[in-house]
2 protein chains.
Amino acid sequence: MIELTKNDIEALEIGTAILGTGGGGNPYYGKLHAIAEMEKGSKVNLISLSELDDDALVISVGNIGAPAVSMEKICEGNEIVRAIRAIEEDMGKKVDAIIPVEIGGANGLRPIAIAAITGLPLVDGDGMGRAFPEMQMTTYSIYGHCSVPAAMSDAHGNTVIFKNLVDEFWLERLARACVVQMGGGAGMVEAPMKGSFVKKYAVPGTVTQATNLGLAVMRSHVEKTNPIEEICAHENGKVLFEGKIVDLERNMVAGFTRGKVKMEGSGGFAQSQACIDIQNENLILKVNEAVVCSVPDLIIILDIETGHAITTEILRFGQKVAVLAIPCHPLLRSEKALKIIGPAAFGYPEIQYVPFN
Amino acid sequence: MIELTKNDIEALEIGTAILGTGGGGNPYYGKLHAIAEMEKGSKVNLISLSELDDDALVISVGNIGAPAVSMEKICEGNEIVRAIRAIEEDMGKKVDAIIPVEIGGANGLRPIAIAAITGLPLVDGDGMGRAFPEMQMTTYSIYGHCSVPAAMSDAHGNTVIFKNLVDEFWLERLARACVVQMGGGAGMVEAPMKGSFVKKYAVPGTVTQATNLGLAVMRSHVEKTNPIEEICAHENGKVLFEGKIVDLERNMVAGFTRGKVKMEGSGGFAQSQACIDIQNENLILKVNEAVVCSVPDLIIILDIETGHAITTEILRFGQKVAVLAIPCHPLLRSEKALKIIGPAAFGYPEIQYVPFN
């Protein structure tokens, strides 16, 4: 068990934004929330998968909603706490530890504040190793764990419990319909799991990974090294495009941010064009019309100077960017996983997933 | 306590359709369901409000969805039973009796089958004394009872529990969003009430009222008397228009059937025009542009020959109809009630409710 510091939280903001592949929401407010709780004297204890009791009750936590909404509609702060209490009441059991639903974006950071408020240990791992737009897209679901009972609670205190769903897609359908009514954002707690399951199927070590990634970027700023090279080295990634954003479509559709971003190349990529398809997250990268990287591998748009991630909601015309690919965790590359998070699952049956690197 | 007979159920189909004021869904499938359960030997015990223990746990039951959907998407049959079990599990208590959420339409009949399946007594009363399109429009809600915990379950078995809602409108919002995902129909159980509350605020005796109303229509067919006159005499109603349907608008909007029906007068109403505004139920009746009856009083379109109700989803061009008004129960006419179920609540702030008769 290690105790996270405020410097870790600063680094985590940078790292989770990068691993968010454009989506997962902006972690900035989650950082402020975590630091505010830590300044009250609350501690955040991070435990590794190996420290977890096989019989511990671990629950996946995060927010559900459109990233674009989360930029303006700030969390009340106790949404997830209320949802945890609702699940505990429903199950008649206390939760032993929480784990992020996804490490990418806001959901990689929000659990820090929740661990601080509740005093529950935070498990060093997550269900995606990145961010994905839908709820069935966790390794928990993919490897057979049922997401219900699940609970959601909004800023007003409205709380809904989902039970006995026919399959994992139903949680996504029903919770998404509710969050649209709730104004586009709510706390969501699901998949009460045993420690033994989490040890096997959570993407391991991702809180530490995101923290160290952020620290590497911070260090590059101090040491005046190239942050993008640092990120590539840290994550085994590669720059697949560099250029300027020349066109941008971004719409709110059924609670998601969907769109396309088009770029014209510069530097070594002059004369080339690239396009990224988005559903909250960056899904498909085409360079000169050819697919060069696709989900579940990570496609990340970085500010070419700072190496900071440019998330979907802050993309704008004229930005100078580098587009990075990072290989996803092997848990996301199995045949089982690709059915749920491969290109076809996002509406691209014509694209065959070819692992990047 | 009396045991309902199959003949009562036949009569109830006619009576609930009339009290449905065009909405509440067609009670036909509910009748078949009830009779099928009774033919297996199950009994349906109807108890009056006065027979109810003050401490009994009574729960409001019905289906939620658009009437138009219920014409084609037949209930699986155990939706409401699953929702009752989910509430019992959530509360850690057994339900003692069920009461219809509304007596009008399908929701006046479906609880019969549920009483037969579960063996629970059915309380002779309901929360509307008619049908209304939204969930906060019950006397239970109006007179201050909280509708949660509430549970809904669809034909597949997907089950959702609503808890800690900020106000009664939130149940309507969230449950409506879920039912749209569930294909437009689900079983809904809400407002676990004490017998003492139900005795005071349920619209009393409406199962018996609807049964006797149906029996009066059936008798008129045998005795060749005018069924519409029998209905008026039984319900203190009045024919406000007679004529032919000449125009019909009917759309599915956000899980509701909304529309307008226009009629040209005949008989004593020749040279007159009438128009009825619909949101699942008939809301406003205008004759020659003047409002002559509005919610919460009952506006009912009857087949001019048979006296059978023509529900919203089977209205069609050319039908010859009588339009009846029936006074609503005094519980629906209080200032408190009119805020929730008066014309303004349905988007007609310009219409002042004037009690019919």
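Reply: Two strands count as paired if DSSP finds at least two bridges between them. Keep that rule in mind for what follows. The model is predicted.

Start with the strands. Strand E8 of chain A covers residues 159-163. E8(A) is joined to E8(B) by 5 bridges. The two strands run antiparallel. One bridge shows the pairing residue by residue: Thr159(A) has Lys163(B) as its partner in E8(B).

Lys163(B) turns up again in a salt bridge. Its side chain meets that of Glu89(A), with 3.4 Å from N to O. Across the interface of the two chains, the rule finds 2 salt bridges. It also finds 7 residue pairs in polar contact, both residues at pLDDT 80 or more.

Which elements of chain B give two or more residues to the side that touches chain A? They are helix H4 (79-91), strand E8 (159-163) and helix H7 (168-181). H7(B) gives the most, with 6 residues. By class, this side of chain B has 10 nonpolar, 6 polar and 5 charged residues.

Now the extent of the interface. On chain B, 21 residues are in contact with 21 residues of chain A. The area buried between the chains is about 1900 Å². Carbon and sulfur atoms give 61% of that area. In chain B, the residues that lose the most area to chain A are Asn158(B), Lys163(B) and Gln181(B). Together they make up 27% of what that side buries.

Next, look inside chain A. The contact takes 38 residues from domain 1 and 35 residues from domain 2.

The area buried between these domains is about 2800 Å². Here carbon and sulfur atoms give 70%. The count of salt bridges between the domains is 0. Residue pairs in polar contact number 9, again with both at pLDDT 80 or more.

Several elements of domain 1 each supply at least two residues to the side that touches domain 2. Among them are helix H1 (6-19), helix H7 (168-181) and helix H8 (195-201) of chain A. Strand E10 (203-204) is also one of these elements. That side of domain 1 has 22 nonpolar, 11 polar and 5 charged residues.

Methods: Residues are numbered from 1 along each chain as its sequence is written. Chains are lettered from A and ligands numbered from 1 in the order in which they are written. Side-chain values use heavy atoms; hydrogens and water are left out. Contact means heavy atoms within 4.5 Å. Buried area is the accessible area (1.4 Å probe) that two parts lose on being put together, summed over both. A salt bridge is a side-chain nitrogen of Lys or Arg within 4 Å of a carboxyl oxygen of Asp or Glu. A polar contact is a pair of N or O atoms within 3.5 Å; within protein, one must be able to donate a hydrogen and the other to accept it, and residues adjacent in sequence count only if both atoms are side-chain atoms. Helices (H or I, at least four residues) and strands (E, at least two) are DSSP runs, numbered from the N terminus. Ala, Val, Leu, Ile, Met, Phe, Trp, Tyr, Cys and Pro count as nonpolar, Asp, Glu, Lys and Arg as charged, and the others, Gly among them, as polar.
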